[in-house]
Amino acid sequence: MTVDFIFEFLSGLLDGFISSNSLLIISMLVPCLAIFGFITVYALVVIYAELKVSSFIQDKVGPMGQGVGLHAGKWGLLQPIADALKLLLKEDIIPSSADKPLFILAPFMIFIGAFISFIAIPFGESIIVTDLNIGIFYILGVGSIAVLSLILAGWASNNKWSLYGGMRSAAQIVSYEIPAGLSLIVVIMLAGTLNMQDIIKYQAGGIFNWIIFDNPFVPIAFVVYFISAIAETNRTPFDLPESESELVAGFATEYSGMRYAFFFLSEYANMFVVSAVAAAGFLGGWHSPIQGFMDSPAWGVFWMINKTGFLIFVMIWLRWTLPRLRVDQLMNVCWKVFLPLALINIFGVAIWTVVFNS
Amino acid sequence: MSEDLQALIDEAVKKALAGDDDAINGIQDRVTRSKAKAALVKAKREQSKAVDENSDSESIEEQPTTDNSEYIILKIAKILEDKFSGCIDGEVHSDFIQLKPEKWFEISKFLKEDPDTYFDSLQCNTGFDLGDGLLESRYNLHSMKHLHSIEIRIKVNIDNPDIPSVESVWRVADWFERETYDMFGINFTGHRDLRRILLPEDWDGWPLRKDYEEQETYHGIVVPKVKEGWE
Amino acid sequence: MGVVHGQEMVLNIGPQHPATHGVLRLQVKTDGEVISEITPYLGYLHRCFEKHCENVSYEQVIPFTDRCDYLASMTMNFGYVVAMEQLMDIKVNDRVEYIRVIMAELQRIASHLLATGVFGLDLGAFTPFLHMLRDRERIIDLFEMTCGARLLYNYMWVGGLSHDLPKGFVEATLKFLDYFEPKIDEFENLLGHNKIFVERTADIGIMPAEVAINYGVTGPNLRASGVNWDLRKDNPYSVYSKLDFNVPIGKGIKGTVGDSWDRFYVRLQEIRESVKIVRQAIDQLPKDGDVHQSMPKKIRPPKGSIYSRTESPRGDLGYYIESDGSDTPYRLKMRSPAFTALGVLNEIAGGWLMSDVLAILGSLDIVLGEIDR
């Protein structure tokens, strides 16, 4: 279901009514709206999941209520909607000493970074906005936009805590992109392509054909990638840029209302992107674990969402279990552990492939 | 006091001197018990005097505990009088040592470093307004090694409230003295960082002095007066 | 290449900051993440405790002591009534003493649970905090059962208690202890042996014994530095001399003696000891005895002064009371343990990273209500 498909479908339907240029714009807007809708709905679901999972871990009940009304709905289902409404209705404050244009720009930039990553994520065999031939590379590239916006937010707020948050996030995200990228090189080497759909198609045929089970080095690559991905999305135990008990709220200290909601939303959107890349790159994407069992294109969406959802659950689980690292320990782990490990993995996989698979 | 009560007290004091504390604590009547305790203190003082007379230098042999604090206070007062003659203000009391402020810094150093006294821990510093234009700073010292403690009091005139600071001897005195300064206006000379600690920097007056009167306004805010009775 | 020193920046941590446990302002000089000097500014919670005490009668002081350390109100009451009873020479009966010890030790468990939990929270571990709060809630239920209040109890009175134990209290307490004892191991595993937690606390903020004594640091913080000093053992008041318990001291299991991890671990061990004390005290609790028996009709202590110390969850809690023979104190001074603990912060935390400074502050377990009074 790419943009080309929509364009052809619409031009067949509305032939002669609208010019082809307008049609192209419309067919580009349709997936945009779809992605925006998806992110919103997904954010509501994952906020609810975060509340409930954390409640389960912390031995409390979490949001609860009795039916619709002033309560949070049955099982607290309305809680994320109430949260979203609260954020939207809050007063939007811009500090008088803030750098106004940059301050306003930062939350949109971070959201754009998360948003445009979605177009290269394959949700199913034919459900992808644009099947880029450099898909995985593209996602890694546009994911880095987040750093710029965090530094912008930290600088523009004109607040020392924000500045600390911005500085920390710059150091952290830039560093962790390296082991994450190097681990994905393993996937690219095995699949022999940068195209997301082709990487997934390479893993067809049951659970043992998934890249993660390809050879003994790949599980290590998967773990390195996943931990680096958590660090990239600023989640506990790597939430130094916004570490609540140290930096108040880090780069988001001065933000409120809608602008804060954008930071919030893009954090969750980024979680989905990195988990989807992990699911597509290592866990067989939209393939069923058992060949021939629920393995139709429609079930593909189910498998993709579920694999991604499981990884997001693991992220939530880790967040509510572990304390936070210190900034120098974070860097040590990255440069002294993950980077050598990722490099060794590349050599290991290369040698393994040459020796056993040829 | 009836004679049987006196006999009871004498007996309890005798037992207590032998080391049986429950003898005095076991007395049910409060008044009698306090009298017995007073008698015990007196008896101990006489005993220590006797010890002092018997052996001039080696009176420290007895294992000091917190129970015979009066004995320790007298002993330390004697040491101080020998070492810094004229440092003790007025007569020697049984439960505290009243010092003159002049040599307090040297005395504090001595008390901390001398192996016999070794007061390595300053427990508390209390400011005090005695009325009659006198302020007092009271120090409760404790030795973690010998497990004994004493109280030292230093009186100064309210017009010229200078006491040498012991902040460099016991670091804990840093904040204690700042608090006493804050509340009483006692000026600790030699303190490296004597600022108000609990009250704002620009507060007027010394609140815990008995003649303290609240300021009318503070930064334009009217300070509420003490209300007479409930409204 | 030498170390490049940038320009120093002055940063205000607080008065409103999640890690300051109340309203405390730390003015720090920072060079990047490294903090070179810390100047605490106090007094945001100053409520004129000592001035108030000079204007109210002796029994009216007790509710004020509650409000000083609002996380350990029972032990604050305890310290005050012990001082008053020494001043007035009152001997209370054993039932009162045992009930007081039970309450004080339950309070110590509650306070240490909060202290260790909040310490974890300062390091970003949210879950242990809520687990500990859950169990603290059960202790507070026991207090509510006893005196109706959940935070500020006003339970111990001079010469007695406000109420006797209610029916079923002993059973409820034993039930709680049976439930609670395995949980201590759970906390230890969940937080104490967590790799990240150990990395963040071991060898951080080392406080040598001499420094601790010189700065007047007491309580668990002093014991973590390896000094075996506990007023319940070394200067026993109430009935502590009849109870058998150990004094846990810091051994530097994960790092150096006196580091932040030791301070955490000593508190956890003290919870175990307190459980032991409560069990013994319940065993030895006399069946009869009126809790109002030795309460004086009018509290009018004889002329004189007293400095009395008790062991609160935060350390040596001293009351200096001077009486002029009237029914209001002439002067009442509280020597607060958290006040001295905060005083050592600049000494042990200067030169560490910002995250470490806040971890060290958390490990000292300060309560601003008691510092500012």
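Residues are numbered from 1 along each chain as its sequence is written, and chains are lettered from A and ligands numbered from 1 in the order in which they are written. Because the model is predicted, local features need pLDDT of at least 70 and side-chain atom pairs count only at pLDDT 80 or more, whereas totals for chains, interfaces and linings use all residues.

In chain A, helix H7 covers residues 160–191; helices (H or I, at least four residues) and strands (E, at least two) are DSSP runs, numbered from the N terminus. The 32 residues of this helix should span 46 Å at 1.5 Å a residue, and this agrees with the 46 Å that separates its end C-alpha atoms, the expected span being 1.5 Å times one less than the number of residues. A residue is called buried if 20 or more other C-beta atoms lie within 10 Å of its own, exposed if 12 or fewer, and partly exposed in between, with C-beta atoms placed from the backbone. After H7(A) comes Gly192(A), which has a positive phi, near 75 degrees.

Chain B contains 6 helices and 8 strands, which follow one another along the sequence in the pattern α-α-α-α-β-α-β-β-β-β-α-β-β-β. Of the 231 residues in chain B, 33% are buried. Among the contacts in chain B with a separation of 6 or more, 48% join residues 24 or more positions apart, a contact being a pair of residues whose C-beta atoms, placed from the backbone, lie within 7 Å. Strand S2 of chain B (residues 121–131) is mostly covered, with 9 of its 11 residues buried. This strand runs antiparallel to strand S3 of chain B (residues 134–142), to which 9 bridges join it; two strands are said to pair if DSSP finds at least two bridges between them. Asn125(B) has Tyr139(B) in S3(B) as its bridge partner. The two strands S2(B) and S3(B) form a hairpin with 2 residues between them, and Asp132(B) in the turn has a positive phi of about 55 degrees.

Chain C includes an open sheet of 3 antiparallel strands in the order S1-S2-S3. Its edge strands are S1 (9–13) and S3 (34–41) of chain C, each of which pairs on one side only, and the twist from one strand to the next averages 25 degrees. Angles run from 0 to 180 degrees between N-to-C directions, and axes are lines fitted to C-alpha atoms, for helices over the stretch in contact. Strand S2 of chain C (residues 25–31) pairs with S3(C) in the antiparallel sense over 7 bridges, and Leu26(C) has Pro40(C) in S3(C) as its bridge partner.

Another open sheet of chain C has 3 antiparallel strands in the order S6-S7-S8. Strand S6 (304–312) and S8 of chain C stand at its edges with a single partner strand each, so one side of each is left without a neighbour in the sheet. Neighbouring strands of this sheet are turned by 10 degrees against each other on average, direction ignored. S6(C) and S7(C) pair over 9 bridges in the antiparallel sense, and Ser312(C) has Gly315(C) in S7(C) as its bridge partner. Helix H3 of chain C (residues 73–88) packs on the sheet and touches S6 and S7 of chain C, its direction making about 150 degrees with that of S6(C).

Most residues other than glycine have a negative phi. Asn154(C), although not a glycine, has a positive phi of about 50 degrees; it lies in the loop between H5 and strand S4 (156–157) of chain C and counts as partly exposed because it has 19 C-beta neighbours inside 10 Å. Asp203(C), likewise not a glycine, has a positive phi of about 65 degrees, is found in the loop between H7 and H8 of chain C, and counts as partly exposed with 14 C-beta neighbours inside 10 Å.

Chain C also touches both other chains described here. With chain B, 26 residues of chain C are in contact with 26 residues of chain B, and the chain C side has 8 nonpolar, 8 polar and 10 charged residues. Here Ala, Val, Leu, Ile, Met, Phe, Trp, Tyr, Cys and Pro count as nonpolar, Asp, Glu, Lys and Arg as charged, and the others, Gly among them, as polar. The contact between chains C and A takes 27 residues from chain C and 22 residues from chain A. On the chain C side, H5(C) gives the largest share, 5 residues, and the residues divide into 14 nonpolar, 7 polar and 6 charged.

Note on methods: Contact = placed C-beta atoms within 7 Å.
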